[in-house]
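I opened the model to look up a few things and wrote down what I found. The entries follow in the order I made them.

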Amino acid sequence: RLLCEMPEYSAGGGRRLATAGSGAMNVTVSATLNGGAAGTIAPGGVPFFYYEHPTISSATPSALDAEGGASVTVEGAGFGGLVDCDASYASYAHVRFGEQVAAASSVADAEVTTTATVGLGDTTVQVSLNGQQYSPASATVTFTGTYAPVIDRVYFDDTATKLVILFDAQGTNRANLVGTFACASVLDDASVTTLQGTDTAAPRCYWQSSRMLVAFLSAKTAARPGTTMRVRTGTVAAPDVG
């Protein structure tokens with residue numbers, strides 16, 4: 001495997017970034033192991049597309065419920081940069097609401113549609129044509145209300161004796177629990193079973209902050225890298241407002 005930094009594609013010297021009706025330029029990528037000396041470049045190669053970042057003029061509706069789920073249309077220009085080359089590339093397009101990402105439902109040069117994610121307050125909306133790099137251009141929508149807490153990621157602490165369940169930026173009401181408590185007070189049966197493993201003692205948890213739930217681990221835990229944790233229905237809610 002080779003890791004390369006994509007060079008900038010120059011529009012100078014008579015070379016054009018885009019051909020008529022297309023926002024992308026197709027080049028062939030090949031590899032060499034000794035600096036590109038004659039006869040050392042691997043035959044064949046794979047296609048690679050350069051495209052200009054799309055521009056964004058608006059996102060409608062601009063007022064959304066915090067729980068998400070509404071259809072949103074992002075208008076602008078240049079969204080068809082990759083789709084014009086190959087219609088299957090539409091599956092790469094995504095829309096980002098703040099830090100939350102949604103797949104595009106449809107892609108045309110002047111607009112992209114998607115389903116709103118959860119969100120809080122004024123939120124920046126950006127579009128990616130390749131699912132990795134987001135346009136610096138953006139629009140703003142406003143989410144009203146709160147949404148059911150979302151687990152952002154799960155990871156071991158530095159000692160590997162605790163599992164950290166980190167919720168997203170909205171945080172939680174900590175399920176109205178203080179001190180240490182049975183993890184089953186917050187996490188579903190499958191999650192508790194994973195934490196407990198073959199130990200006879202039920203796992204214990206505590207809230208380090210409104211975003212961070214910490215579970216103590218024994219040597220007999222079944223938790224491993226990539227372990228999934230889920231909240232028990234009806235236990236954790238959004239932070240109290242007011």
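Where is the place of Gln 133? I found Gln 133 in the loop between β9 (121-128) and β10 (139-144); strands are DSSP runs of E of at least two residues, numbered from the N terminus.

I noted that this is a predicted model, where local features need pLDDT of at least 70, side-chain atom pairs count only at pLDDT 80 or more, and totals for chains, interfaces and linings use all residues. Residues are numbered from 1 along each chain as its sequence is written, and side-chain values use heavy atoms, with hydrogens and water left out.

I then listed contacts (heavy atoms within 4.5 Å). Not counting residues up to four places away in sequence, Gln 133 touches Tyr 51, Val 127 and Ser 128.

Next I looked at pairing, which requires at least two DSSP bridges between two strands. Strand β5 (residues 71-77) pairs with strand β3 (residues 55-60) in the antiparallel sense over 5 bridges. Thr 60 has Thr 73 in β5 as its bridge partner. β5 also pairs with strand β8 (residues 111-115), in the antiparallel sense over 5 bridges. There, Val 72 has Thr 114 in β8 as its bridge partner.

Conventions:
Helix = DSSP H or I, 4+ residues; strand = E, 2+ residues; numbered from the N terminus.
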